[in-house]
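Below are some notes on the model, for checking against the coordinates.

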Amino acid sequence: MANQVILVNDQKMNEIMNNYHAAKVVRNAPGVIFAAKISDTTITAYKSGKVLFQGAGADREAARWGYTTQKPVASKSKSKGDLLPSNLAEQSVVGSDETGTGDFFGPVTVAACYVPTDKIELVRELGVKDSKQLTDDLMRQIAPDLKATLVHSVLTLGNVKYNEIQAAGNSQGKIKALLHNQALKHVLRKMNGEKPDYILVDQFAERGVYYNYLKAEPEIIRENLLLATKAEGIHLSVAAASIIARVAFLEEMDKMSKVAGITLPKGAGAKVDEIAARILLNKGEATLKTLTKWHFANAKKASAIANRKRL
Ligand code: MG
């Protein structure tokens, strides 16, 4: 489907709304100030001054109002992985991403969500961009809107379960693959038979390795599945999934901080060792273990710091 976006000033916006007034339709979506549908084109106007034209007549209608500002989402960032269709950014895509895998404290979370072509502009309007450009606070603000707007699934793997699975001999890569496959399955099920053009997974393993991790699964999502690194810059569905996953991680960290009685730091650096040592001294190893990915080197470092402090 053709898709054109133009950016207009207030005066032109009024002209556009007047022009399509007879074809006006109700669209209760965040940021939308006007919507209309003519025979071959849907017109959606946003508070920000953007107007989206979709459908067979999109180019023609957009051209009536002048300049186009459409830029492909795919950035210059070099992505590795599958050869991607050139118009992927405008397709209807289920995207998935994970977070928390490099953090000693906190869970691993994976989210998948469906962004069809006709919601791309809305999702952008809600503030989604490459999540590496967004702060945690901003993501906390955006995530509820995304969850209300998009078919999605978000999985939080707590550390008790994580440690169990890991200790049974499963690599972090396998854990990630299982969670991605699960989240994708949930989203596809919720789509009630509607099929996305593509599924795009933010890549963490080669295709063969990814499917090898899943080989014992009863249901493996394969159809139209693409793997690409830096996928959050390729399609907004992955950027949105990344935000949803990140906020689930932050919310779980908030809860765990309450249990620990101290704000748990992210990552796996020296600060993390310090705080872990303090929890070890105050609450004991069993409690620390429930809060952390126990196989990380931080566990031994924390224990060494705690032993020094005990002396
Ligand atoms: Mg990722």
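1. Basis. This is a predicted model, in which local features need pLDDT of at least 70, side-chain atom pairs count only at pLDDT 80 or more, and totals for chains, interfaces and linings use all residues. Residues are numbered from 1 along each chain as its sequence is written, and side-chain values use heavy atoms, with hydrogens and water left out.

2. Metal site. Asp97 (OD) and Asp202 (OD) coordinate the magnesium ion at 2.1 Å. The two come from distant parts of the chain, 105 residues apart: Asp97 belongs to strand β5 (residues 93-99) and Asp202 to strand β8 (residues 198-202). Strands (E, at least two residues) and helices (H or I, at least four) are DSSP runs, numbered from the N terminus. Donors are N, O and S atoms within 2.8 Å of the metal (3.2 Å for Na, K and Ca); water is not among the atoms, so the site may look incomplete.

3. The terms are buried under 20% relative accessible area, exposed over 50% and partly exposed in between (1.4 Å probe, protein chains only).

4. Charges over rings. Arg222 lies over the face of Tyr211, 4.3 Å from the ring centre, and Lys293 over that of Tyr162, at 5.9 Å. The rule requires NZ of Lys or CZ of Arg within 6 Å of the ring centre and within 35 degrees of the ring normal.

5. Helix α6. The buried residues of α6 include Lys176, His180, Asn181 and Lys185. Asn192, which follows α6, has a positive phi, near 50°.
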